[in-house]
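Hi,

Here is the structure I promised to pass on. Have a look at it first, then read my notes below.

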Amino acid sequence: MGSFHFDRWNKILGWAAFAIALITYWLCVEPTASFWDAGEYITTASNLEVGHPPGAPLYQILGAFFSIFAMDPTNIALTINLMSVFQSAFTILFMFWSLTILLRNVVGKMGEINDDNLKGILVAAFIGSLAFAFTDSFWYSAVEAEVYAGAICMLSVLFYSALRWEREMNTPRGDRWFILIAFLVGLTFGIHFLGLLAIPAMGFLYFFKNYKTVTLKNFIVANVVMVAIL
């Protein structure tokens, strides 16, 4: 491997993708309540009340924190909408870092990784994460007070943590990532169950890391186990 500082550029481009997403969503953010669940979430979060079942206590707490910065009651809706802006921007950040890990694994299995490969990995991850940032459904949820932005953010952090756990699995300190994952899964229940969809992916990372010989039987068993855990 040459003199290219991959880790440095990985951080720089990751935060650049975060900044692009943050600015885009901030410019498009809903200035007041949207005409569906968003109005309820704004009201219940700002007053720390109970929303509709099954509830979203962590979302309400975070919303109450963001509402502090309203300074004026007429801006409460805007500040809680901005919570989704930040959550969605962080989703893009962790998506970028997840893509660089995945692409390094793929390229590494095909041959030796050189500077040109590393630059290509960064460019591909940057394009891929920003392509997702501008998709219709994700952009839509990024600019209003809804639980989906927070749920996808938790999902992206969970998957990134799982990739780090897979990379350090079976090392003396590798299980610290598993403990973090368990903590994040617990927090996900306080926002939306959508974030739990990362569990099957995490299970297969464990499966392919520890089972070098994959057969139809153990693959089917792995699928059953992952669905049961989910």
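A quick definition to start: angles under 35 degrees count as roughly parallel, over 145 as roughly antiparallel, 65 to 115 as roughly perpendicular, and the rest as oblique. The model is predicted, so local features need pLDDT of at least 70 and side-chain atom pairs count only at pLDDT 80 or more, while totals for chains, interfaces and linings use all residues. Residues are numbered from 1 along each chain as its sequence is written, and side-chain values use heavy atoms, leaving out hydrogens and water.

Now the helices (DSSP runs of H or I, at least four residues, numbered from the N terminus). Helix α1 (residues 6–28) and helix α4 (residues 76–110) have axes that come within 8 Å and cross at roughly 150 degrees. That is why α1 and α4 are roughly antiparallel to each other. The axes are lines fitted to C-alpha atoms over the stretch in contact, with angles from 0 to 180 degrees between N-to-C directions.

Next, is Ser67 buried or exposed? Ser67, found in helix α3 (residues 57–67), counts as buried because its relative accessibility is 13%. Buried means under 20% relative accessible area, exposed over 50%, and partly exposed in between (1.4 Å probe, protein chains only). Ser67 is 47 residues from Ile20 in sequence, and their C-alphas are 24 Å apart in space.

Then there's Val224, which lies in helix α10. With 56% relative accessibility, Val224 counts as exposed.

Enjoy exploring!

Conventions
Helices (H or I, at least four residues) and strands (E, at least two) are DSSP runs, numbered from the N terminus.
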